[in-house]
Amino acid sequence: MNRHFEISDTPLQGCKLIQRAPIRDARGFLERLYDADEMSALIAPHQQTVVQINRTLTVKRGTVRGMHFQQPPHAEIKLVSCLRGEIFDVAVDLRRGSPTFLRWHGERLGEDNQRTLLIPQGCAHGLQTLTDDCEVLYFHTAAYQPAAEGGGGAHARDPLLAIRWPEEITELSTRDASHPMLTPEFRGVAV
């Protein structure tokens, strides 16, 4: 563990779980969410830096956002943290030739566990809210490019992916519900 983060592998190649280490005292805490020096080993090999930070509020428990990804040359690494409430955060490996191709991994992220999930390039990302009023913070290494969305994304209910969402999906946006189902012929994304 370095000073601010403990970084561990997940079953998906390149997907990392980052445990943040807040400094606490009688006033509360100070917590580092990102440090370019400490995280350079995760991002720098891809010759990328964080270029965009987004925040979402999802008001209804059971809502799914995703599964989103961007095609090269706009493929991105995402660092996802839940600052209020709790989410089930999911990465799906869509990388052609990856040993974990078409597998998914999920982690519970929330205000109480100080965890961040690093989603590597070529992986689709989505989440399900496990409480009402969830606030999520995303750090991206590429700006959003609608034309690079990879067919819009992958469908959260795709039987080929078989993601085991912890709760019934109560809401899925029209955009996310229109994501295509993958076919057995899908060969992956080149990154």
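The model is predicted, with local features requiring pLDDT of at least 70 and side-chain atom pairs pLDDT 80 or more, while totals for chains, interfaces and linings use all residues. Residues are numbered from 1 along each chain as its sequence is written, and side-chain values use heavy atoms, leaving out hydrogens and water.

**Nonpolar cores**

- A nonpolar core is a set of buried Ala, Val, Leu, Ile, Met, Phe, Trp, Tyr and Cys residues joined through side-chain atoms within 4.5 Å; buried means under 20% relative accessible area, exposed over 50%, and partly exposed in between (1.4 Å probe, protein chains only).
- The largest core comprises 18 residues, and M67, V90, V92, L94, I163 and W165 have the most contacts inside it.
- A second, separate core has 15 residues, including I87, C123, V136 and Y138.

**Salt bridges**

- A salt bridge is a side-chain nitrogen of Lys or Arg within 4 Å of a carboxyl oxygen of Asp or Glu; the count by this rule is 13.
- R20 pairs with E31 at 3.0 Å, N to O, and R20 is buried at 4% relative accessible area.
- E135 and R55 form a salt bridge of 2.8 Å, N to O; E135 is buried (15%), whereas R55 is exposed (61%).
- R55, R84 and E135 are linked in a salt-bridge network.
- R61 and E167 meet at 2.6 Å, N to O; R61 is partly exposed at 42%, as is E167 at 23%.
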